[in-house]
Amino acid sequence: MAAPIAYSLIATDLDGTLLRGDDTLSDRSLAALAQAAVAGAQHLVVTGRPAPRVRPLLDLMGSRGLAVCGQGAQLYDAGRDRLLWSITLERDLAETALGKIEAEVGQVYAAVDQDGVEGLTLIEPGYLMPHPTLPAVRVRHRDDLWCEPISKVLLRHPTLSDDELAATARAVVGSLATVTMSGPGTVELQPCGITKATGLALAAEHLGLGPHETIAFGDMPNDIPMFDWAAHGVAMANAHPELKAVADEVTLSNEDDGIAVVLERLFACSLAEFPY
């Protein structure tokens with residue numbers, strides 16, 4: 001009889017977690033995920049990136065299953081290239097939230113991720129993409145950001161740190177939106193009440209799995225709700241201190257295959273049951 005596997009669901013963030021700094025996946029990480037799949041575990045990407053920016057990575061991993069995108073606002077079915085579920089941020093609420101933030105800290109620079117599997121990332125003048133490899137369309141005026149339904153707003157400030165901008169945004173936005181910090185230069189506004197945990201819970205339900213069967217990996221404060229939901233949360237060595245403070249363990253950095261190290265340890269016994 002095969003030994004029970006450590007976890008049935010492996011939930012991983014992308015940037016700063018599964019991906020290296022150049023937006024690639026190491027052979028070791030891919031092999032560890034493949035071996036865990038042989039042992040019976042399912043891998044679920046849970047990312048702030050919108051579905052169109054996740055699709056090429058899922059293709060690289062050979063994934064045809066589900067992915068949680070847009071900080072939990074989208075549940076994407078890679079096999080059918082469609083959204084099973086999505087929720088948008090009301091554009092008038094987004095504009096009001098931006099006004100409240102700018103009343104406190106002065107001008108910020110904004111971008112938006114449009115809803116849908118073909119949605120664009122639009123950036124206003126002055127906004128610099130934190131990930132230059134990701135495609136974006138520069139618009140002429142902020143008003144142009146609201147031309148189509150959006151899943152979230154991305155913010156940058158010319159002088160404030162991400163922590164300072166996020167703290168101020170949370171203090172003034174209230175119930176207009178959920179404020180998250182998902183990476184260097186990436187403070188975001190998303191629909192109120194939507195987090196990675198809400199998206200992860202929905203995806204797990206579709207898969208017939210629950211929190212007690214889930215291990216989660218992340219690196220930023222936006223991963224805290226996911227860690228709270230999952231049975232075991234693993235922070236990367238390069239993770240934000242807020243996430244490390246609530247993690248069950250800390251592994252090596254994304255550059256040093258931290259996810260692979262944990263998966264190789266957890267699934268070693270199970271993998272022995274499946275010779276290659």
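Analyst: What follows covers the cavity, then the pockets, then the strands and a few single residues.

This is a predicted model, so local features need pLDDT of at least 70 and side-chain atom pairs count only at pLDDT 80 or more, while totals for chains, interfaces and linings use all residues. Residues are numbered from 1 along each chain as its sequence is written, and side-chain values use heavy atoms, with hydrogens and water left out.

Some terms come first. On a 1 Å grid over the protein atoms alone, a cavity is a set of points where a 1.4 Å probe fits but cannot get out. A pocket is an open set with protein on both sides within 12 Å along at least five of seven lines. Lining residues have an atom within 4 Å of a point. Grid points are joined across faces, edges and corners, and a volume is the space filled by probe spheres set on the points. Helices (H or I, at least four residues) and strands (E, at least two) are DSSP runs, numbered from the N terminus.

The cavity: the count comes to one cavity of 30 Å³ or more. The largest cavity holds about 270 Å³ of space. Its lining has 27 residues, and R49, H131, K152, T186 and E188 are the closest to the centre. Four strands each supply at least two lining residues: β6 (109–114), β9 (150–156), β10 (178–183) and β11 (186–190). By residue type, the cavity lining divides into eight nonpolar, nine polar and 10 charged. Here Ala, Val, Leu, Ile, Met, Phe, Trp, Tyr, Cys and Pro count as nonpolar, Asp, Glu, Lys and Arg as charged, and the others, Gly among them, as polar.

Two of those strands form a hairpin. β10 and β11 have two residues between them, and G185 in the turn has a positive phi of about 75 degrees. The two strands run antiparallel, joined by five bridges; strands pair if DSSP finds at least two bridges between them. V179 stands opposite L189 in β11. Six of the six residues of β10 are buried, so β10 is largely enclosed by the rest of the structure. Buried means under 20% relative accessible area, exposed over 50%, and partly exposed in between (1.4 Å probe, protein chains only).

The largest pocket: about 220 Å³ of space lies there. Its lining has 16 residues, with D15, G16, G21, D23 and H131 nearest the centre. α1 (14–18) and β10 each give two or more residues to this lining. The lining divides into four nonpolar, seven polar and five charged.

D23 is not a glycine, yet its phi is positive, about 70 degrees. D23 is buried, with a relative accessible area of 17%. D81 also has a positive phi without being a glycine, near 50 degrees. D81 is found in the loop between β4 (74–77) and β5, and is partly exposed at 32% relative accessible area.

The second largest pocket: it holds about 190 Å³ of space. I10, L30, L33, A34, A37, A41, Q42, H43, M61 and S63 line it. α2 (27–39) and β2 each give two or more of these residues. α2 gives the most, with four residues. This lining divides into seven nonpolar, three polar and no charged.

The open sheet: eight strands form it in the order β5-β4-β3-β2-β1-β12-β13-β14, with mixed pairing. β5 (82–86) and β14 (249–250) stand at the edges, each with a single partner strand, so one side of each lacks a neighbour in the sheet. β1 (residues 9–12) and β2 (residues 42–46) pair in the parallel sense over four bridges. In that pair, T12 stands opposite V45 in β2.

H232 is found in strand β13 (residues 232–235). H232 counts as buried, at 17% relative accessibility. Its side chain makes a polar contact with the side chain of E249, at 2.9 Å. A polar contact is a pair of N or O atoms within 3.5 Å; within protein, one must be able to donate a hydrogen and the other to accept it, and residues adjacent in sequence count only if both atoms are side-chain atoms. Leaving out residues up to four places away in sequence, H232 touches Y7, T214, I215, A216, D248 and E249, where contact means heavy atoms within 4.5 Å.
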